[in-house]
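Please open the model in a viewer and keep the selection tool at hand.

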Amino acid sequence: MHQWNETIAAIATAPGAGGVGIVRLSGPAALAIARTISARRALRARHAHYARFRDADGSVLDDGLVLAFPGPASYTGEDVVELQAHGSPVVLQQLLARCRALGARLARPGEFSERAFLNGRLDLAQAEAVADLIAAGDVRAARAARRALDGVFSARCEAMAAELLHLRVHVEAMIDFSDEPIDGLGGDEVARRMEALSVSLAQLLVEAEQGRRLRDGLHAVIIGPPNAGKSSLLNALAGIDRAIVTDIAGTTRDLLHETLRIGGVELTLVDTAGLRPEGDAIEREGMRRARAELARADLALVVLDGRAADAGWMQVADAVADVGDRIIVHNKADLLAPGTATAPDDVLQVSAHTGAGLHALRAALQARLGGDPLAGEGAFTARQRHVDALRDAAAAVEDARGTLAAQHLELTAEALRIAQDAIGAITGQVLADDLLGHIFSSFCIGK
């Protein structure tokens with residue numbers, strides 16, 4: 001267990017007035033500070049004590065409850081105390097000031113959870129799930145964060161790390177007998193287990209990406225040639241006249257962001273300037289920004305005028321070539337000549353003007369966001385760093401499979417080590433020096 005000489009304190013409830021407010025302390029002096037403020041000589045563990053909270057001159061600051069959680073059976077693994085008072089910001093600040101006068105210092109953002117991680121009360125993925133649970137925007141996200149906090153994601157990562165360690169040990173043993181045929185050293189079994197691990201990693205990566213989208217939402221960029229109806233489609237999906245719409249090509253010059261929720265998950269739509277070879281200096285800058293936004297998008301919503309879809313596609317094909325996922329929309333279906341309202345199976349035909357086809361488009365977007373909001377009972381929240389780590393691990397396992405087939409056992413062992421380190425970074429078993437500060441600085445103070 002890590003030991004700290006400092007006791008930290010912070011207001012643990014949200015800013016603003018409320019019925020109840022909590023000041024939390026953690027560290028070696030937490031119990032002594034609480035006894036002084038509450039004028040109680042003893043605090044029974046995990047028992048609510050009524051008390052009058054007193055200032056240095058004996059005046060009463062407020063009355064409320066004191067709860068003591070001696071370490072290591074506490075959230076942080078240290079002695080923890082909660083002072084529950086009335087939720088007046090003035091009263092809570094007075095209590096916090098009294099704690100600091102008695103030797104506590106103000107906690108940094110996320111420091112309580114950081115100490116919980118360093119003391120082994122939570123792994124790193126679980127600690128991050130605490131922040132995700134606090135920030136959850138709906139029931140689905142809250143349940144997914146709760147599952148991550150309960151260790152659903154961590155358990156699967158740990159099982160894979162254990163399998164990687166077992167494979168490393170086996171391969172290292174094979175190196176000691178490298179003058180013998182690999183088949184006689186269990187090489188076929190190692191190859192089979194690596195293949196199974198590769199499949200498991202691919203599945204976990206898909207689920208982690210869904211969890212990342214559930215937490216962060218989806219970043220979708222509306223792209224297409226001028227006058228394809230991109231801004232009209234944004235307005236139709238948002239349900240408001242968010243973007244200016246005219247018949248003049250190049251009306252949209254800058255990026256326009258609109259956030260909406262589909263199936264309980266946040267979707268950020270970005271309307272962009274139409275792409276075409278020509279344009280004035282301002283329009284060319286708008287097109288440059290459109291391409292830059294597209295480079296970091298999860299999804300490209302390619303909007304084409306259904307009356308000239310092939311020509312429109314030629315104008316945007318190069319720009320969307322490297323986007324991992326895209327939905328192609330033929331807009332202005334209401335303007336098509338009778339009998340021509342057809343499109344390929346992988347294309348959605350809509351009319352931003354009449355609303356035709358918008359239901360199918362929303363369903364396609366919801367599928368990208370994680371499918372049926374009533375499904376996914378095993379879903380967990382994840383972060384981009386988790387997804388990146390799983391991709392690194394999957395790539396390393398593929399390298400290991402290739403080098404094993406080529407009988408380069410030293411390279412196989414090294415690739416397996418890289419994969420194990422990547423998985424270990426998710427739960428904090430392997431930790432970059434600056435990772436903790438980056439992660440916990442995004443937490444709220446008091447958690």
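Two strands are said to pair if DSSP finds at least two bridges between them. The structure shown here is a predicted model.

**First stop: strands S3 and S4.** Select residues 48-54, which form strand S3, and residues 60-69, which form strand S4; the two run antiparallel and are joined by seven bridges. Which residue of S4 is the bridge partner of Phe 53? Asp 62 holds that place. Next, display the turn of the hairpin that S3 and S4 form, where five residues lie between the strands. Gly 58, in this turn, has a positive phi of about 90 degrees.

**Second stop: strand S5.** Leu 67 can be selected here together with Glu 82 of S5, which stands opposite. In a regular strand, side chains alternate between the two faces of the sheet.

Select Cys 99 and then Cys 157. Are they buried or exposed? Cys 99 is buried because its relative accessibility is 0%, under the limit of 20%. Cys 157 has a relative accessible area of 1%, and therefore also counts as buried. As for disulfides, the count is zero.

**Last stop: the whole chain.** Of its 447 residues, 47% are buried. The accessible surface of the chain is about 21,000 Å², and carbon and sulfur atoms account for 53% of this area.

Note on methods: Residues are numbered from 1 along each chain as its sequence is written. This is a predicted model: local features need pLDDT of at least 70, side-chain atom pairs count only at pLDDT 80 or more; totals for chains, interfaces and linings use all residues. Side-chain values use heavy atoms; hydrogens and water are left out. A disulfide is a pair of cysteine sulfur atoms within 2.5 Å. Buried means under 20% relative accessible area, exposed over 50%, partly exposed in between (1.4 Å probe, protein chains only). Helices (H or I, at least four residues) and strands (E, at least two) are DSSP runs, numbered from the N terminus. Accessible areas come from the Shrake-Rupley method with a 1.4 Å probe; for residues, only the protein chains shown count as cover.
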